[in-house]
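Look over the sequence and the model before reading on. The paragraphs below go through the chains, their contact and their cores in turn.

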Amino acid sequence: MDSSDYSTGPAPGLLRRRPEIVLIPLLFVLIIGSWHGVVKGLAIPDYVIPAPGQVATAFWSGVTSGSYLAHAAYTLSEALLGFFIAAFLGTLFGTLIAQSRIIERTLYPYLIVIQTTPKIAIAPLLIIWFGFGITSKIFIAATVAFFPILVNVIAGLRSIDAEKIELMRSLKATKWQTFRMARLPSALPTIFAGLKVAIVFSILGAIVGEFVGSKVGLGNLILQANVNLDTAGIFGVLVCLAIMGITLHLVMEWLQRRLVFWTASARSGDY
Amino acid sequence: MPAAVKLMPRPAEAARTPIIQLQEIEKVYAARDGNPVQALAPVSLEIGTGEFLTIVGPSGCGKSTMLRLVAGLIPRTRGRLLMRRQEISGPQRDMGIVFQTPVLFPWRTVLDNVLLPAEVLRLPPAKSRARALELLEIVGLSDFAAKYPFELSGGMQQRVAIARSLVHEPSVVLMDEPFGALDAMTRDTMNLEIMRIWREAGTTILFVTHSIPEAVFLGERVVVMTPRPGRIAEVIDVELPAQRDIDIVNTDRFGVYVRQIRAHFNAKGLD
């Protein structure tokens, strides 16, 4: 809409308007090239830093053997289940806390303590309580994803402008109507920001859980490769994890653009 | 001026039944330092059914306080507020309100924004929809029913807010400097429009402004208020043709009213 205001001269080409379309792959080639150059030039051993070609081979064999798919499906289920539990509980408790200043002020110091404690540190405890299976990973993922959601739900519900509340009051809206029609939609952009952080955290939680104790999953695969000094194998799994993270991020972006379309960032496509 | 008399179809002031009565209403705030601040000295005022009453005064004269007291958004310290001779407190479903800013919900289309009061008040959907579309026609926004607020200019947004204030067919509409944020030309257009809407809808309008010409142009009566403490200095019957256009501001008679009102503020060392 804004770019159509330039009425003079010919319409600028796609490359002039969005040079990053060329620059992004160019930088990629540059990074891979220098990586290869440094590893070969300095004769760095494979088990310290593998060459890009070896990583590609390891990644490809992981994909074709079906090993990545099975392990990634496991890790992804842990992360997503943890995320959904965190989203549900975070929204529920955030909403309850936001209803009352007294509850908020009472719980505030506790929330700060819990929030500033690294939740990852309780992973070994959760393994003791819930075992080596999927349950403990879901709990760890949910624990780390819960707080960004909780905090953003509270902040979002508090951030509504007074005039919207006043408008609802002038119509004698019930508390539930005000929540459903004004507070919750107003909070959605902030809640979404929390969900985007939380989904990344949930993968982190699942991987750490697998590090602490597991039989399957991408985290476990990294440990196995580590034991065998298969550094290229570790890098391969990292590529796999990066793809997983980017995919989830893009899904969240897409959801955000659809659900909170009215915010400036959703309209311009920036984030 | 027989022509002017013919153009004034409304009954004379004394014959009109009051719809809103303010009896010795007073508002005292507790200031930050603990000392009470009198925002509104005891004021008494009767607003006739179907009347267009404007309230004008500099900032701090209590005009917005008075409007918000009538809207039931803030409690009065002393005095009685009557609607149709019944004492009232709190917001009334039979009132509509337009704020200084449009206060539209960005996640709702223009039509759905207009329908908000109907939804809150649980009015029959089909009938409300027809009424909302009719109001959008009146404010000249029929083609924008499916658009979102961020696609509209400031003036258009405020017109949506006016349509919203009328959708539940309230007897009284309260307007708190609704055109204060608009540029002078849009403001003139909006003033003509609001007069047309008032004539067509037959609603009682209580209109707060800090613009003296706007108050004279719109009002059948103008309530002049002065600050410290906020009180009514004079109530002026404006005897101008009911069918007014913008050129009337250049007539001698209009100028007399403007000077008469300004004298109150000059005497107090305000302007």
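Two residues are in contact if their C-beta atoms, placed from the backbone, lie within 7 Å. By that rule, and leaving aside neighbours within four places in sequence, Leu67(B) is in contact with Leu174(B), Asp176(B), Leu206(B) and Val208(B). Leu67(B) belongs to helix H2 of chain B, residues 63–71. Is Leu67(B) buried or exposed? A residue is buried if 20 or more other C-beta atoms lie within 10 Å of its own. Leu67(B) has 21 such atoms within 10 Å, so Leu67(B) is buried. Ser165(B) is 98 residues away from Leu67(B) in sequence, and the two C-alpha atoms are 15 Å apart in space.

Chain A has a mean pLDDT of 88, with 93% of its residues at 70 or more. Over residues 1–7 of chain A, pLDDT stays under 50, and the model has zero contacts beyond four places in sequence for them. Where pLDDT is low, the predicted coordinates should not be read in detail.

For chain A there is also a database record. An unreviewed UniProt entry places the feature "domain: ABC transmembrane type-1" at residues 72–256 of chain A. In the model, this span is 86% helix and 0% strand, and its end C-alpha atoms lie 25 Å apart.

Next comes the contact between the chains. Chain A puts twelve residues into this contact and chain B puts in 16 residues. On the side of chain A that touches chain B, the elements giving two or more residues are helix H8 (162–170) and helix H9 (175–212) of chain A. H8(A) gives the most, with six residues. By type, the residues on this side of chain A are five nonpolar, two polar and five charged.

The last topic is the nonpolar cores. The largest has 71 residues, and those with the most contacts inside it are Val114(B), Leu136(B), Ala163(B), Leu174(B) and Leu206(B). Helix H3 of chain B, residues 110–120, supplies the largest share of this core, seven residues. Why does this core lie between domain 1 and domain 2 of chain B? Domain 1 (2–16 + 52–74 + 171–267) and domain 2 (101–170) both give residues to the core, so the core lies between them. Val114(B), leaving aside neighbours within four places in sequence, is in contact with residues including Ala132(B), Leu135(B), Leu136(B) and Ala163(B). Apart from this core lies another, of 47 residues, among them Val55(A), Ile207(A), Leu218(A) and Ala232(A).

How values were computed. Residues numbered from 1 in each chain as written. Chains lettered and ligands numbered in written order. Predicted model: local features only at pLDDT ≥ 70, side-chain atom pairs only at ≥ 80, totals over all residues. Helix = DSSP H or I, 4+ residues; strand = E, 2+ residues; numbered from the N terminus. Nonpolar A, V, L, I, M, F, W, Y, C, P; charged D, E, K, R; others polar. UniProt positions renumbered as here; feature names shortened; annotations may be inferred. Core = buried A, V, L, I, M, F, W, Y, C linked by C-beta atoms within 7 Å. Buried ≥ 20, exposed ≤ 12 C-beta atoms within 10 Å, placed from the backbone. Domains from an automatic or database assignment. pLDDT = per-residue confidence, 0-100.
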